[in-house]
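The sequence and structure come first.

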Amino acid sequence: MFSLNGSSFTNNSVSGVSRCLTQSQKRMSVPIVVLASVSSNVKPGDRNVSVLMENTLKEMKENAPVIEKDSKSAVSGGVGDVYGEDSATEDQTITPWTHSVASGYSLLRDPNYNKGLAFSEKERDSHYLRGLLPPVVVDQELQVEKLMNNLRQYDVPLQRYIAMMDLQERNERLFYKLLMENVEELLPVVYTPTVGEACQKYGSIFRRPQGLFISLKEKGKILEVLKNWPEKKIQVIVVTDGERILGLGDLGCQGMGIPVGKLSLYTALGGVRPSACLPITIDVGTNNEKLLKDEFYIGLRQRRARGQEYAELLDEFMSAVKQNYGEKVLIQFEDFANHNAFDLLAKYGTSHLVFNDDIQGTASVVLAGIMSALNLVGGTLAENTFLFLGAGEAGTGIAELIALEMSKQTGAPLEETRKKIWMVDSKGLIVRSRMASLQHFKRPWAHDHEPVKELVNAVKSIKPTVLIGSSGAGKTFTKEVVQTMATFNEKPIIFALSNPTSQSECTAEEAYTWSNGRAIFASGSPFAPVEYKGKVFVSGQANNAYIFPGLGLGLLISGAIRVHDDMLLAASEALAAEVSQENFEKGLIYPPFSNIRKISAHIAAKVAAKAYELGLATRLPQPENLVAYAESCMYSPSYRSYR
């Protein structure tokens with residue numbers, strides 16, 4: 001996680017926290033946490049974190065209530081599962097008697113249990129469904145086939161999005177079955193780019209709440225609001241304040257589409273049980289004048305709260321989450337503006353299990369793509385020069401992780417590896433002479449160079465081998481920029497990452513055409529294959545969905561209590577390793593999404609292994625085969641028999 005002084009995302013490796021022991025008793029208190037002294041080779045920053053961790057774990061032990069030992073848990077030990085956090089990846093007992101006995105009609109309207117026409121004859125008798133359904137009984141596979149046929153009839157992507165959300169609200173398992181079996185076709189529907197349009201029109205298409213809305217009106221009552229959510233064993237929260245939704249800007253309360261979409265992917269791609277996921281939008285107002293005047297806008301009609309009022313609301317929220325759901329609940333920050341994103345990550349990174357997808361998830365997936373691309377270009381990471389257009393949370397996050405990986409590979413100090421990375425913001429090349437006016441997160445990237453205003457001139461001067469766009473400004477990789485890259489690179493690596501598609505720095509067709517078919521191209525939003533001079537080019541999509549579901553699963557199965565930079569590097573390396581020789585022969589630098597569940601399991605295993613190595617895991621002992629264990633924990637959307 002990015003620190004305020006720019007030294008690293010966070011320097012939070014914990015030393016001296018030993019693996020904890022438990023005593024097997026029929027009725028037991030929370031296991032005692034044994035803490036060794038901090039070793040002498042720990043850095044000063046690490047020592048502070050270790051002390052903080054000791055206090056945190058001590059507080060957890062002292063304040064936790066007496067609990068029953070969970071005899072079904074595959075992994076035991078560590079900090080006690082007081083809040084049921086470790087059951088987030090485990091399937092739950094399904095006996096919907098309260099619904100079916102009271103009224104079969106209610107059962108058909110409960111998305112957690114409804115199977116539609118797939119209810120068997122026996123189930124229709126035992127759960128009072130006779131007459132409430134047509135006589136035909138169909139299996140889940142036929143339901144999936146019918147729904148895909150229906151979805152393909154829609155010409156407008158937003159219509160498909162609405163249809164998918166309707167399905168999720170009436171039949172949860174069928175929704176995930178459909179998404180998992182058609183992930184490459186449906187991912188752009190439930191996620192980028194369609195989710196951007198859905199957020200813009202969220203007030204008009206809003207039907208029923210899919211998460212929690214916490215506004216300034218709830219200040220002082222956030223814990224009560226959290227308790228209103230029907231599911232109690234929450235392990236993953238995706239939260240946004242809607243200020244920087246994709247490349248679309250401030251959408252206020254209507255940013256809820258982002259947490260909803262992200263958590264759908266946590267389940268479909270990462271196997272986290274849906275009931276363990278909670279989407280949250282923090283509504284502090286909006287500065288979007290169009291929304292403030294929109295009669296259908298569903299949020300607070302006021303300008304954004306700033307300063308102390310904002311900080312106090314977020315602090316209450318973070319405290320309430322830990323109080324209600326425990327130490328091991330993963331809080332993923334999503335689409336916060338730069339001025340808040342870095343500060344929130346730095347502030348809560350050492351006290352909560354937090355992750356910023358825009359800073360860290362984007363960084364991890366882009367680093368994986370670059371490492372993979374080197375198999376086509378040749379050479380090492382340190383032999384490349386990087387130029388970024390855009391120095392916000394995505395750009396600086398990617399840059400920092402590249403520098404960290406470079407430092408890991410070469411042993412060179414981080415300050416030296418950063419010198420291989422240059423950035424252009426709205427005022428031009430970031431150079432040392434601008435230091436006094438730069439925001440803190442841009443300062444590590446200010447190098448000695450004369451000022452350069454235009455991107456194309458920066459390309460000519462720096463001569464980068466890798467050009468990365470994270471500006472949120474479309475059409476900024478012009479023909480001249482791409483052609484210039486191609487003049488001194490046999491295979492220029494060009495990543496146009498901004499979302500949605502309209503904000504992409506250039507299209508796949510432009511990249512391949514302007515580089516005479518020599519570019520290695522990846523984008524944030526998907527592009528169709530491009531035919532150029534008789535050859536078909538299939539571009540990569542640097543989609544965060546490759547990373548965050550597997551990362552989250554790895555944190556859950558290990559019971560991790562903090563996110564460490566090395567976990568992000570492990571995730572990148574695991575993803576890059578999933579690209580096969582067959583993929584490379586097609587010009588692909590990312591594996592196909594059709595294998596995403598397997599990919600997520602491998603990423604989860606690497607992340608979990610790193611958590612155990614760093615002493616940040618609490619589910620002990622460590623499973624012998626983490627890949628197999630991760631796969632066994634994954635949620636299955638197949639129907640279950642109701643007796």
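## Strand 11 and its partners

The bridge partner of L389 is G469 in strand 11. The model is predicted, so to speak of local features a pLDDT of at least 70 is needed, side-chain atom pairs count only at pLDDT 80 or more, and totals for chains, interfaces and linings use all residues. Residues are numbered from 1 along each chain as its sequence is written, and side-chain values use heavy atoms, with hydrogens and water left out. Helices (H or I, at least four residues) and strands (E, at least two) are DSSP runs numbered from the N terminus; two strands pair if DSSP finds at least two bridges between them.

Strand 8 (residues 386-389) pairs with strand 11 in the parallel sense, over four bridges. Strand 11 is also joined by four bridges to strand 12 (residues 493-496), again in parallel, and I468 stands opposite F495 of strand 12. Between strand 11 and strand 12 the chain passes through helix 20 (residues 479-487), in a right-handed β-α-β crossover. Right-handed means that, with the strands pointing away from the viewer, the path from the first strand over the helix to the second runs clockwise.

Within strand 11 (residues 466-469), V466 and I468 point one way, L467 and G469 point the other way, and all are buried. Buried means under 20% relative accessible area, exposed over 50%, and partly exposed in between, for a 1.4 Å probe and protein chains only.

Strands in the order 10-9-8-11-12-13-16 form an open sheet of seven strands with mixed pairing. Its edge strands, each pairing on one side only, are strand 10 (428-429) and strand 16 (540-541). Strand 9 (residues 421-425) runs antiparallel to strand 10, and two bridges join them. V424 is the residue opposite L429 in strand 10.

## Aromatic pairs and charges over rings

Rings of Phe, Tyr and Trp (its six-membered ring) pair if their centres lie within 6.5 Å; planes under 30 degrees apart count as stacked, over 60 as edge-to-face and the rest as tilted. The count by this rule is 15 aromatic pairs. F206 and F213 are an edge-to-face pair, because their ring centres are 6.3 Å apart and their planes stand at 75°. F206 is partly exposed, with a relative accessible area of 33%, and F213 is partly exposed at 25%. F333 and F336 also pair edge-to-face, with centres 5.6 Å apart and planes at 85°; F333 and F336 are buried. One aromatic cluster is formed by Y512, F521, F527 and F537.

A charge sits over a ring if NZ of Lys or CZ of Arg is within 6 Å of the ring centre and within 35 degrees of the ring normal. R109 lies over the face of Y105, 3.9 Å from the ring centre. R418 has its charged end over the ring of W445, at 5.8 Å from the centre.

## The annotated site

An unreviewed UniProt entry annotates E334, D335 and D358 as "binding site". The three span 25 residues in sequence, yet no two of their C-alpha atoms are more than 6.7 Å apart, so they gather at one spot.

D335 lies in the loop between strand 6 (330-333) and helix 15 (338-348). The residue D335 is buried, with a relative accessible area of 2%.

Key
UniProt positions are given in the numbering used here, feature names are shortened, and annotations may be inferred rather than shown by experiment.
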